[in-house]
Amino acid sequence: MIDFKKTKFLLSAIDLAHTPKLRKPEVALFGKSNVGKSTFLNFVTGGKLAFSSKKAGKTQFLNYFLIDDRYYLVDTPGYGFQQKGINKDKAFALLMEEYCLSKRMSGAVVLIDTRRGFDKDDEMLIVLLKEEGIPFALIFTKSDKATRKEKDAIINLLKNQSLPFAFSGERGEVYSCRTLLLSLFHKNQ
């Protein structure tokens, strides 16, 4: 069994040339800026490894975390963020396209704010993952702040789609989130 508490920060990669040389199964965390990727990473590992900020756009690189010396969990930059008139989506798109086409990932997790639902950026990412044959799961963040109506809307939207998903933010959901990650680590082995 994997020990998620044995997770440590490994490195930040500005591009694929700076990613770990030792190949291990890796799952990437994708989502809009400020969706809670770093918070999710801390949630599933039970630690304070990733810096989470209320300010969007803090993650700039591919941040690699080593889980139990066997798997990489990769915190990616958020999409949909503009700062001081500079659209960071182009740089993000180039890095993410290169990353997705590199065939490095065993799988991906797309994080979506439970209170906001899907938008066109989320849908475009999901289409790319499907086109590249990358297995993925949806994790709905901030579910502890969502109303029952918001959660029910997500469940109704996905009930006929056969996509794996879980809610995070509530302590009881950590097992479901870890189980989804484990299934993605082992998809292409």
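**Entry 1**

I looked up what stands opposite Leu 73 in S4, and on one side I found Phe 65. The model is predicted, so I read every value as computed from it. I then checked S2, residues 26–31. This strand pairs with S4 in the parallel sense, over four bridges. Here Val 27 is the residue opposite Leu 73.

**Entry 2: the S3–S4 hairpin**

I went to the link between S3 and S4 next. Three residues lie between the strands of this hairpin. Asp 68 takes a positive phi there, near 55°.

**Entry 3: cover on S4**

Is S4 mostly covered or mostly open? I counted five buried residues out of five in residues 71–75, so mostly covered, with buried meaning under 20% relative accessible area. In a regular strand, side chains alternate between the two faces of the sheet.

**Entry 4: the whole chain**

I zoomed out last. I noted five helices and nine strands. From the N terminus, the order is β-β-α-β-β-β-β-α-β-α-β-α-β-α. Of the 189 residues, 49% are buried. I also looked at contacts with a separation of 6 or more: 74% of them join residues 24 or more positions apart. The accessible surface comes to about 10000 Å², and carbon and sulfur atoms hold 54% of that.

How values were computed: Residues are numbered from 1 along each chain as its sequence is written. This is a predicted model: local features need pLDDT of at least 70, side-chain atom pairs count only at pLDDT 80 or more; totals for chains, interfaces and linings use all residues. Side-chain values use heavy atoms; hydrogens and water are left out. Helices (H or I, at least four residues) and strands (E, at least two) are DSSP runs, numbered from the N terminus. Buried means under 20% relative accessible area, exposed over 50%, partly exposed in between (1.4 Å probe, protein chains only). Contact means heavy atoms within 4.5 Å. Accessible areas come from the Shrake-Rupley method with a 1.4 Å probe; for residues, only the protein chains shown count as cover. Two strands pair if DSSP finds at least two bridges between them.
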